[in-house]
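Subject: Structure handover

Hello,

Here is the structure for you to look through. My notes on what turned up follow below it.

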Amino acid sequence: MSSAPAHEIILVPARDALRQQCYDVRIAVFHREQGFPLDTEIDDLDASATHFLLRLTPSLTPVGTIRCTKHARYYKLSRLAVLADCRRFRLGRALVLALHAHVQQDAQHSGARDGDAVLVRAHSQLPARGFYAKLGYQPEGEEFDEDGAPHQLMVARLPLSD
Ligand SMILES: CC(C)(COP(=O)(O)OP(=O)(O)OC[C@H]1O[C@@H](n2cnc3c(N)ncnc32)[C@H](O)[C@@H]1OP(=O)(O)O)[C@@H](O)C(=O)NCCC(=O)NCCS
């Protein structure tokens, strides 16, 4: 694998215009490349989600995104996308690790203690299961349909420590 292009990952502040760049990456990948409907790409979770944007430096070209939502007993990873030309440079991995760092920090601020584990759930498209497995996610339950495509619940248990 050749080395990754220079890049940065930023947490997009709430109501920031950069949110649209996250949506643009998602639309390129999930709608134009994979054929999912455009009208359901932006969903109910987007308003409350924490969005991350990966962009090349120094051009600031957006090429990847991921979002995190907080639920009663777990965090959810969703809408992970890296533009096709930029795959296999470990940028997807970098986005998941940025989300994990955010989750661990948020859980600690919410009162979780060292030794606790925090759950992150992802609904993986079947071809992406191996990607999540490399990041410590394990399959749970049966395959299911989501947006017309088969998915698998993948779960990571992140340790909390200083
Ligand atoms: C899934 C996706 C985000 C991966 O991004 P990426 O930047 O190409 O992945 P990385 O280079 O960070 O891969 C990290 C590791 O997972 C492996 N990997 C990547 N995609 C994989 C796949 N589909 N199956 C198995 N392993 C995979 C890589 O080889 C790498 O392994 P290594 O650490 O041993 O070298 C990207 O392929 C994508 O956007 N796909 C289309 C959208 C999509 O399916 N999103 C997920 C929805 S659930």
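Helices (H or I, at least four residues) and strands (E, at least two) are DSSP runs, numbered from the N terminus. By that scheme, Arg88 sits in the loop between E4 and H2.

Two remarks on the source. Residues are numbered from 1 along each chain as its sequence is written, and side-chain values use heavy atoms, with hydrogens and water left out. The model is predicted: local features need pLDDT of at least 70 and side-chain atom pairs count only at pLDDT 80 or more, while totals for chains, interfaces and linings use all residues.

**Annotation**

The unreviewed UniProt entry carries the annotation "domain: N-acetyltransferase" over residues 9-159. UniProt positions follow the numbering used here, feature names are shortened, and annotations may be inferred rather than shown by experiment. Over residues 9-159 the chain is 26% helix and 38% strand. The end C-alpha atoms of that stretch are 23 Å apart.

**Pockets**

First, the terms. The search uses a 1 Å grid over the protein atoms alone. A pocket is an open set of points where a 1.4 Å probe fits, with protein on both sides within 12 Å along at least five of seven lines. Lining residues have an atom within 4 Å of a point. Grid points are joined across faces, edges and corners, and a volume is the space filled by probe spheres set on the points.

The largest pocket holds about 1300 Å³ of space. It is lined by 42 residues, and the closest to its centre are Leu80, Ala81, Ala128, Phe131 and Tyr132. Elements giving two or more residues to this lining are helix H1 (19-33), strand E4 (75-82), helix H2 (91-109), strand E5 (117-125) and helix H3 (129-134). E4 gives the largest share, 7 residues. The lining divides into 20 nonpolar, 9 polar and 13 charged residues. Here Ala, Val, Leu, Ile, Met, Phe, Trp, Tyr, Cys and Pro count as nonpolar, Asp, Glu, Lys and Arg as charged, and the others, Gly among them, as polar.

The second largest pocket has a volume of about 180 Å³. Of its 15 lining residues, Arg73, Tyr75, Ala107, Ala112 and Val118 are closest to the centre. E5 gives the most to this lining, with 3 residues.

**Leu80**

Leu80 belongs to strand E4. Is Leu80 buried or exposed? Leu80 counts as buried because its relative accessibility is 17%; buried means under 20% relative accessible area, exposed over 50%, partly exposed in between (1.4 Å probe, protein chains only). Contact means heavy atoms within 4.5 Å. Neighbours within four places in sequence aside, Leu80 is in contact with Phe30, Thr65, Ile66, Gly92, Leu95, Val96, Phe131 and Tyr132.

**Cores**

In soluble globular proteins, nonpolar side chains tend to be buried together. A nonpolar core is a set of buried Ala, Val, Leu, Ile, Met, Phe, Trp, Tyr and Cys residues joined through side-chain atoms within 4.5 Å.

The largest core has 28 residues. Ile66, Leu77, Val103 and Tyr137 have the most contacts inside it. Two or more residues each come from strand E2 (50-56), strand E3 (62-70), E4, H2, E5 and strand E7 (149-159). H2 gives the largest share of this core, 7 residues. Leaving aside neighbours within four places in sequence, the contacts of Tyr137 include Leu77, Val96, His100, Val120 and Met154. Another core, of 6 residues, lies apart from the largest one; Val25, Val29, Phe36 and Ala149 are among them.

**Backbone and loops**

Most residues other than glycine have a negative phi, and most peptide bonds are trans.

- The peptide bond from Thr57 to Pro58 is cis, with omega near 5°. Pro58 lies in the loop between E2 and E3.
- Arg15 has a positive phi of about 65°. Its loop runs between strand E1 (7-12) and H1. At 78% relative accessibility, Arg15 is exposed.
- Arg88 has a positive phi near 65°. Arg88 is exposed too, at 76% relative accessibility.

Thr61 is also in the loop between E2 and E3. Thr61 is partly exposed, at 34%. Gly115, in the loop between H2 and E5, is exposed at 70% relative accessibility. Gly115 and Ser161 are 46 residues apart in sequence but 6.5 Å apart in space, C-alpha to C-alpha.

Best wishes
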